Amino acid sequence: MIFPAIDLKAGQSVRLYQGDFTQTTLINADPVQQAQQIQAAGLAQLHLVDLDGAKSGQPENLATITAIRQAFTGTLELGGGIRRYDLAARYLKLGVDRLIIGSAALTQPALVQRLLADFGADRIVIGMDGNHGQVAINGWLEQSQTKMSTLMATMMASGAKQFVVTDVARDGTMQGPNITLLAALKAKLPQATLIASGGIRDITDIQTLQAMGIQDAIIGKALYEGTVTLAALAEVDKCSQND
């Protein structure tokens, strides 16, 4: 599945460069309208990130997320600061289809185990962001020494199946996805479903990922730079799901 991305900061849609909160570009002051445009183009999946929440661990953009959920009828996945059981349950009750748990997967594994046990691996996705194959947490502000492959194995033992993999150094750079990292993770844990994120430039990058067995991808900056269109993504998405 192809997931266009909307990153939320202070109720607006923005893009960061390499996760740097000081390098912010406004994409759309009305992210609800942006979500409606994505749906109108024929895409039935949307990736949301609460950037403020990723820093604070609180639901900083709850009103906007609620409005997007009401306006977008397709599959909605959300990440950013989900580090408490009650918050995860609140988002799921709100109608969010999939939650991406990032920092908590490393710092609170018991919480993630409980979420997986209660809600299942289809609704709880593990987000792994980092540099040089090692996990970064708390809005990418802290770099750990834990390898992504180690965290993946631990989470799979707890029942996780899906992992969003983001190379922070590639995010927002339009340099292409980190094929080496993704291939290494897929080879080490072939039973995991990887969702590629960070650096994807165009349809060719998506096709490269698909050729190596990674069918799911998150697209952000390429849409706003114009190197790929919603219509083109919808066509690729349609073809992939028909195969």
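**Before the views.** Helices here are DSSP runs of H or I with at least four residues, and they are numbered from the N terminus. An axis is a line fitted to C-alpha atoms, for helices over the stretch in contact, and angles run from 0 to 180 degrees between N-to-C directions. This is a predicted model, where local features need pLDDT of at least 70, side-chain atom pairs count only at pLDDT 80 or more, and totals for chains, interfaces and linings use all residues. Residues are numbered from 1 along each chain as its sequence is written, and side-chain values use heavy atoms, with hydrogens and water left out.

**View A. Helix 3 alongside helix 4.** Here the axes of helix 3 (residues 62-71) and helix 4 (residues 85-94) come within 10 Å and cross at roughly 30°. Look for Leu-62, Ile-65, Thr-66 and Arg-69 on helix 3, which meet Arg-90, Tyr-91 and Leu-94 on helix 4; contact means heavy atoms within 4.5 Å. Sorted by class, this contact has 4 nonpolar, 1 polar and 2 charged residues. Nonpolar covers Ala, Val, Leu, Ile, Met, Phe, Trp, Tyr, Cys and Pro, charged covers Asp, Glu, Lys and Arg, and the others, Gly among them, are polar.

**View B. Helix 1 meets helix 3.** The axes of helix 1 (residues 31-40) and helix 3 come within 9 Å, crossing at roughly 25°. So helix 1 is roughly parallel to helix 3. On the helix 1 side you'll find Pro-31, Val-32, Ala-35, Gln-36 and Gln-39, and on the helix 3 side Thr-64, Ala-67, Ile-68 and Ala-71. The tally is 6 nonpolar, 3 polar and no charged residues.

**View C. Helix 7 packs with helix 8.** Helix 7 (residues 148-157) and helix 8 (residues 179-188) pack at an angle of about 35°, their axes 10 Å apart. Met-148, Ser-149 and Met-152 of helix 7 touch Leu-181, Leu-185 and Lys-188 of helix 8. That splits into 4 nonpolar, 1 polar and 1 charged.

**View D. Arg-114 over the ring of Tyr-85.** Arg-114 lies over the face of Tyr-85, 3.5 Å from the ring centre. A charge counts as over a ring if NZ of Lys or CZ of Arg is within 6 Å of the ring centre and within 35 degrees of the ring normal.

Terms used. Helices (H or I, at least four residues) and strands (E, at least two) are DSSP runs, numbered from the N terminus. Angles under 35 degrees count as roughly parallel, over 145 as roughly antiparallel, 65 to 115 as roughly perpendicular and the rest as oblique.
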